[in-house]
Amino acid sequence: MQNYKEQWFSNVRSDILAGLVVALALIPEAIAFSILAGVDPMVGLYASFVIAVTISFVGGRPAMISAATGAMALVIVSLVKDHGLQYLLAATVLTGIIQVLFGLFKIARFMKFIPNAVMLGFVNSLAILVFIAQTPHFLGESAITWLFLLLTIAIIYIIPIFIKGIPAPLIAVVILSIAVVYMGIDLKTVGDMGSITQSLPSFFIPDVPLNLETLKIILPYSLALAVVGLMESLLTAAILDDMTDTGSDKNAEARGQGIANIINGFFGGMAGCAMIGQSIINVKSGARGRLSTFVAGAFLMFLILVLGDYVIQIPMPVLAGVMVVVCITQFDWNSFKYMVTAPKQDVFVMLLTVGVVLYTHNLAIGVVSGVLVSAMFFVSKISTVTIKQSSEGTFEVNGQLFFASTEGFIAYFKQCSTKNSTIEINFSSCKVWDDSAVGALLKVRDLLQANENEVHFSGLDHSSEQLFKKITGFPIN
């Protein structure tokens with residue numbers, strides 16, 4: 001309880017100020033992500049409010065901001081297009097349930113098995129997909145559309161040189177929106193994409209049939225959302241851990257993300273997760289506790305209730321410009337150096353992850369593909385066992401003996417012509433990992449004994465000996 005109080009009230013002033021700053025930065029992105037997903041802007045705004053407020057109580061990483069995100073929006077595009085909003089809300093609830101289960105089963109510990117190359121591919125492909133999703137708002141449009149797109153990008157990069165306390169995207173949105181309104185410029189606005197409702201979200205159950213057919217529709221999306229959401233959330237948590245030199249409970253964060261999405265789905269919001277950019281803004285603004293996340297969500301809703309009539313007048317080229325900057329910032333430009341300096345196999349894994357994501361428009365499929373191929377490369381790398389004869393009748397085995405390396409091990413002794421001798425095979429520099437390896441030992445012993453040799457295995461570590469005994473029922477020698 002003492003620790004919980006400290007997470008809420010040890011840094012009140014800085015947490016409140018940082019939360020206010022983040023709330024201002026959330027508005028344009030929440031709207032943009034809603035439009036990216038093909039839903040009404042309120043779906044993203046409600047999601048950002050509900051998730052941020054909920055996660056402030058149940059999350060595992062204080063000062064982390066969770067809301068509607070581009071990563072989740074990309075996953076649900078086809079679900080919304082084919083089945084509509086109600087199925088999205090049902091999928092959001094199921095996503096939360098899956099994430100809670102992931103947290104209960106401590107699935108977060110498996111994040112360490114995702115290679116750096118796959119994470120690079122995940123981040124870069126997300127940036128590319130979000131950028132592609134913005135192109136309909138300016139490609140083939142008028143010169144004035146392009147002008148406001150470029151002005152937005154320029155302002156976002158120039159403003160921080162002179163003003164540090166207010167998010168540059170917010171300044172760009174306010175200044176350029178006022179300019180468009182007062183100059184009477186004809187541009188597409190947020191109001192053309194959907195209405196802003198100046199009211200708090202209300203509880204309701206998604207209007208979908210409760211049957212197996214519905215489950216078959218939403219389950220693939222929910223699994224993808226759960227995996228993508230946890231990946232981005234746990235990656236963000238790790239970044240904040242490093243920035244603040246503090247720890248966080250990753251399994252509690254997984255459960256918290258799930259609880260937030262369950263509640264979110266019943267209040268009309270799209271699935272969300274942690275936001276890398278906003279979380280970093282929050283921490284750099286001085287936030288260290290849960291209060292900052294709560295204030296960000298609560299103040300966001302206050303702004304919508306008070307300023308909703310003005311939000312619908314935001315020009316779409318301006319929001320597209322904000323998202324283009326998000327893409328530029330999120331893309332890891334060091335990847336080009338990485339492609340030159342990293343091992344070719346790691347580069348291939350990164351490019352494969354990006355390629356699969358861009359082809360399928362599914363971040364989860366890309367990540368799983370990258371992990372599988374990376375695992376295959378790793379298995380291939382360690383599957384070579386070397387054997388040398390150190391003296392008459394003594395053989396030294398080096399490497400890892402498991403299902404992928406047994407063939408070479410057996411092949412070496414098939415060619416052994418020693419007869420009527422005592423043979424010692426030393427495993428001091430080799431570990432026996434699985435039943436295939438134990439089977440290889442038995443087969444080699446049978447091959448050598450067929451030539452009337454006496455065979456001894458030596459140097460096996462304790463776990464290898466125990467595995468041999470467990471599988472065969474008798475000691476190694």
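A residue is called buried when its relative accessible area is under 20%, exposed when that area is over 50%, and partly exposed in between. The model on the screen is predicted.

**First selection: helix α5**

Select Gln 86, which is found in helix α5, residues 85-104. Is Gln 86 buried, exposed or partly exposed? With a relative accessible area of 26%, Gln 86 counts as partly exposed, because this value falls between the limits of 20% and 50%. Gln 86 and Asp 207 are 121 residues apart along the chain, yet their C-alpha atoms are separated by 5.7 Å. Leaving aside residues up to four places away in sequence, Gln 86 touches Phe 204, Pro 206, Asp 207 and Val 208.

**The whole chain**

Zoom out to display every residue. The chain contains 20 helices and six strands. Its C-alpha atoms fill a box of roughly 100 × 50 × 50 Å along the principal axes. Of the 477 residues in the chain, 53% are buried. Which share of the contacts between residues at least 6 apart in sequence joins residues at least 24 apart? That share is 83%.

Switch to a surface view. The chain exposes about 21,800 Å², and carbon and sulfur atoms supply 64% of this area. Colouring by charge shows 26 positive and 30 negative side chains; the centres of the two sets lie 4 Å apart.

Return to the cartoon and select the strands β3, β4, β5 and β6. These four strands form an open sheet in the order β3-β4-β5-β6, with mixed pairing. β3 (386-391) and β6 (454-458) each have a single partner strand, so one side of each is left without a neighbour in the sheet. On average, neighbouring strands of this sheet are turned by 25 degrees against each other, direction ignored.

Strands of a sheet pair through backbone hydrogen bonds, either parallel or antiparallel. Focus on β4 (residues 394-401) and β5 (residues 422-432): these two strands run parallel and are joined by seven bridges. Within this region, Gln 400 stands opposite Lys 431 in β5.

Select residues 276-284, which form helix α12. Which residues of α12 are buried? They are Ile 276, Gln 278, Ser 279, Asn 282 and Val 283. The elements covering these buried residues include α2 (12-37), α10 (212-244), β2 (272-274) and α13 (290-311). Just after α12, select Gly 286, where phi takes a positive value of about 110 degrees.

Most residues other than glycine have a negative phi. Select Ala 63, in the loop between α3 (41-58) and β1 (66-68). Although Ala 63 is not glycine, its phi is positive, near 75 degrees. Ala 63 counts as buried, at 1% relative accessibility.

Finally, select Glu 452, in the loop between α19 (435-449) and β6. Phi of Glu 452 is also positive, near 60 degrees, in a residue other than glycine. Is Glu 452 buried or exposed? Glu 452 is exposed, with a relative accessible area of 59%.

How values were computed:
Residues numbered from 1 in each chain as written. Predicted model: local features only at pLDDT ≥ 70, side-chain atom pairs only at ≥ 80, totals over all residues. Heavy atoms only, no water. Buried < 20%, exposed > 50% of the residue type's maximum accessible area, 1.4 Å probe, protein only. Contact = heavy atoms within 4.5 Å. Areas by Shrake-Rupley, 256 points an atom, 1.4 Å probe, with all protein chains shown as cover. Lys, Arg positive; Asp, Glu negative; His and termini not counted. Charge placed at Lys NZ, Arg CZ, Asp CG, Glu CD. Pairing = 2+ DSSP bridges. Axes fitted to C-alpha atoms, helices over the stretch in contact; angles between N-to-C directions.
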